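Open the model in your viewer and keep the selection tool ready. We will go stop by stop.

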Amino acid sequence: MGKWEYLREARSLIIDRGNDKILCNEAFIDKGVMILRLDGTDNQFFVLTNENVVQDLDANRYLKELRYQNLKLIESKLSDGRILEVKRQDTYYQYPRVGDSVSIEAEEIEDGKYKMKDKKIYKTKDSRIIKILTETTYSNPDGVEIVIEQKYPDYITVGDNVFIYGQKAKDGLLNYSKSKFMVIQNGKFIDFERKNPLLKSISRSLANLFGG
C-alpha cells in the first residue's frame, strides 16, 4: 500500500511506500511488462507484470518471446546444451545462413567453431556466421571412424577437414573404403586414390600360397 506520482518529463515515478520514498526511472514499458530502475543504481530493478496480458505472470518468458519476435531470432541448440540465438538477415529462410548474427543469452560470442546438436558446425567471426559445415562420420574397412567436416552435407570436397580419434588426420593415404584411399594434406581432404585391384589380387594369392 502506498502512493505514487508520475513525473512525465523525467519519465520517472516517485513511490511513497509509507516508511520511505523512492525514485524509479523507466527502463522498459510494454502492454504486458513494466520495468523500473531504482534511481542511482545500475542493476536494481522492479518488474511489474500485467496479469491481463501475461496470465502466468512469467515476465522472463514474456520478455524473451517479445525479444525473439522483434529481432526475428531463431534458436539452434549447441551440443553442450546451450542455445545459440540466430538473428536472420532474411526471415524468408527458417534456418541459419552465412552472414547471420549470433549470440548466446543476448551476449556476443567468441570467434571459433560451434558444434550443434544436429551435427552442423558454425564457424563464427565478430558474432556472425562465416561458414556452415556438416560433421559426417564414416567407418573404413579397418573399423576406424573417420570424421569429416564437410562443406556440403552429401559429399566430400577438397579442403574438408578430416579427423581420426579426435585429431586431424596425418598426411598421406588414409584407408577409406575397399576401393579407395583418401589423400590427406595438412589434415584436409585433397583427393581420392583408387586401390589397384590387380596388386590386391596378387597379394591375396601370395598370402594363400605361403599360408599368410
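Start at the hairpin of strand 16 and strand 17 and select Asn186. Two residues lie between these strands, and Asn186 takes a positive phi near 55°. Helices (H or I, at least four residues) and strands (E, at least two) are DSSP runs, numbered from the N terminus. This is a predicted model: local features need pLDDT of at least 70, side-chain atom pairs count only at pLDDT 80 or more, and totals for chains, interfaces and linings use all residues. Residues are numbered from 1 along each chain as its sequence is written, and side-chain values use heavy atoms, with hydrogens and water left out.

Now select both strands. Strand 16 covers residues 180-185 and strand 17 covers residues 188-194; they run antiparallel, joined by six bridges. Two strands pair if DSSP finds at least two bridges between them. Click Lys180: its bridge partner in strand 17 is Arg194.

Next, the nonpolar cores. Such a core is a set of buried Ala, Val, Leu, Ile, Met, Phe, Trp, Tyr and Cys residues joined through side-chain atoms within 4.5 Å. Buried means under 20% relative accessible area, exposed over 50%, partly exposed in between (1.4 Å probe, protein chains only). The largest core has 12 residues, among them Val144, Ile156, Tyr176 and Phe189. Strand 12 (145-150), strand 13 (161-164) and strand 16 each supply at least two residues of this core.

Which residues does Leu174 contact, leaving aside neighbours within four places in sequence? Select Leu174 and look for Ile146, Val162, Ile164, Ala169, Lys180, Phe181, Met182 and Ile184. Contact here means heavy atoms within 4.5 Å. Then find a second, separate core of 11 residues, including Ile74, Val102, Tyr114 and Tyr122.

Last, salt bridges. Each is a side-chain nitrogen of Lys or Arg within 4 Å of a carboxyl oxygen of Asp or Glu. The count comes to nine.

- Select Arg11 and Glu26. Their side chains meet at 3.1 Å, N to O. Arg11 sits in the loop between strand 1 (3-7) and strand 2 (12-16), while Glu26 is in strand 3 (residues 21-29), 15 residues apart. Arg11 is exposed at 52%; Glu26 is partly exposed at 22%.
- Select Arg61 and Glu65. This salt bridge spans 3.0 Å, N to O. Both lie in helix 1 (residues 59-71), four residues apart, so about one helical turn separates them.
- Select Lys115 and Glu135, another salt bridge at 3.0 Å, N to O. Lys115 is partly exposed at 33%, whereas Glu135 is buried at 17%.
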